Amino acid sequence: MPATTLQGLAPSRAIARPDIPHAVRGRFRRLKTALTVVLLGLYFLTPWLRWERGPGLPGQAVLFDLPGRRLMVFGLEFWPQDLPIAAGMMVFGAMALFFATTLAGRVWCGFACPQTVWSDLFFAVDRLIVRLVGKGAAERRLRTVAWLLIALATGIGFTAYFIDAPTLPGRLLAGQAPATAYATVLVLTGTTWLLAAYARERVCLHMCPWPRFQAALLDRQSLVVTYQHGRGEPRGRRRTPLRPDLAGQGFGEPQPTGPAPAAPRLMGLVAEAVAFSAPEPFPSLRGDCIDCTRCVTVCPTGVDIRRGLQMGCIGCGLCIDACNEVMVKLDRPEGLIRFDVESAPLRPLLAPPRVDWLRPKALAFGLAALLALGFSGYGMATLPPVSAHAEPQRNPPFVQLSDGSVRNDYALRLAHRRAGLAEVALRVEGLEGAQLRLGTQEGAPAPVLRIAIGPDRSLDERLLVQLPRADVPSGRHDIAIVLTDPDSGAELARLPSYFWGPER
Ligand code: SF4
Ligand code: SF4
């Protein structure tokens, strides 16, 4: 693939952008690498964590059990009716993202977004292969194999959240996995290949909606990656003499080369940024930027940050590392490119970034995130241990037996998520003399019915409630079906219902 060229707004010269961004060392590179390792490790290893739940229950710590319609996360089990908790967590995630963006710009995009993490992995593999075999046909073949393997591992890794991880690879190979597992592996392999191997920065530049509306979250006090125009301009060759106000590391007031030292507006006012940063073609004195283009060649999205904040900048900080490397070699102070507030050019050159944490917007998002987290946390702490329903069967509403007693049938659905609960006891309140049994049960009914719960902790049965003739009420009579733990006697659920007798 030929190197692409940045044109149009290029200030002094077209910059040849490499296929694979150049490697760089520095603080943000180390942070990104550490986060990539942690996040990829979490993604691939989480399904392999085990959690003992008891006989007959899945031993996978985090499992989306679709047939059982539940999500198991260590000791917690979520059912479809717990959706508000998931909604709370989603609101928390969104508010936390807004909060982080308001304070520190696109840190999510630059460090933790899956597209960034996987692209970073693919870039690292590409660089390694080029280093091992050089450029050419062998490199292309090796890259293709490596991409395919990573994409396949990603697909299997994702599927392992839904099917027992240790047995999944074997079942896939033996052709014994469900068809949905093969489909999921195929789709995830394909999308990983497409997005991380081919689309890469195009996802951030053209496909992702997040940069489009994040501008609404940023303001002049948000930390963003900034080029210090006042210090860097006019850029020139290394041997060009340095501006006297910068020489000797004495930093005075900004020395703008453009018309006005106003900071470039966020997103879109690139023209202003260009006017501000456009250098003289052959300056007799230069600022700290030697126009080495290193900050551009390490950038995963090919942005020239010297033109001002742009939609393509994902805030990864790699250009900061690259420029710091150059500054150290030039024996100049670091920070020509740095995380700073957008209004930084209006302040003295090396003044440290000043972030106003106590802004209404940041406070509002932070508070909303805490509230959503509190809501979900409370929901998790108070998850009801039992879900039970007893639906009266109305066709017919009652059955008169040969000895004159009357029986009502109920469709009983029961599920629980309490560790160690193998049985529940059922009784009827509000109906003196009521006897119970299950539809599938032989033998006489009893006032208290003990039911063994299956290994999947759920039960779907017909419950029969029977009353001797003498005690049968006329018409409808309100009752409560009460479920208790037979060991502790603790009430697990109380189901309001009714018993129907013949009208008298
Ligand atoms: S790395 Fe620094 S010195 Fe080199 S072009 Fe970028 S801003 Fe200028
Ligand atoms: S300009 Fe490029 S390298 Fe610099 S922070 Fe933005 S995306 Fe990263």
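Reply: In this predicted model, Gly475 stands opposite Gly501, which belongs to strand 16. The two strands concerned, strand 15 (residues 475-484) and strand 16 (residues 491-501), run antiparallel and are joined by 10 bridges. Six residues lie between the strands of this hairpin, and within the hairpin Gly489 takes a positive phi near 80°.

Helix 13 is mostly covered, with nine of its 12 residues buried, where buried means under 20% relative accessible area. The buried residues of helix 13 are Leu318, Cys319, Ile320, Asp321, Ala322, Cys323, Asn324, Val326 and Met327, and what covers them includes helix 1 (27-45), strand 6 (223-227), helix 10 (229-232), helix 12 (294-297) and strand 7 (337-341). Just after helix 13, Asp331 takes a positive phi of about 60°.

On the surface, by contrast, Leu128, Leu132, Val133 and Leu142 form a nonpolar patch with about 360 Å² of accessible area together. Helix 4 (residues 114-133) gives the most to this patch, with three residues. Val133, a patch member, has its place in helix 4, and Val133 counts as partly exposed because its relative accessibility is 38%, a value that falls between the limits of 20% for buried and 50% for exposed.

Methods:
Residues are numbered from 1 along each chain as its sequence is written. Chains are lettered from A and ligands numbered from 1 in the order in which they are written. This is a predicted model: local features need pLDDT of at least 70, side-chain atom pairs count only at pLDDT 80 or more; totals for chains, interfaces and linings use all residues. Side-chain values use heavy atoms; hydrogens and water are left out. Patches are made of residues with over 30% relative accessible area and no salt bridge: like charges are joined within 9 Å, nonpolar side chains (Val, Leu, Ile, Met, Phe, Trp, Tyr) within 5 Å. Accessible areas come from the Shrake-Rupley method with a 1.4 Å probe; for residues, only the protein chains shown count as cover. A salt bridge is a side-chain nitrogen of Lys or Arg within 4 Å of a carboxyl oxygen of Asp or Glu. Helices (H or I, at least four residues) and strands (E, at least two) are DSSP runs, numbered from the N terminus. Buried means under 20% relative accessible area, exposed over 50%, partly exposed in between (1.4 Å probe, protein chains only). Contact means heavy atoms within 4.5 Å. Two strands pair if DSSP finds at least two bridges between them.
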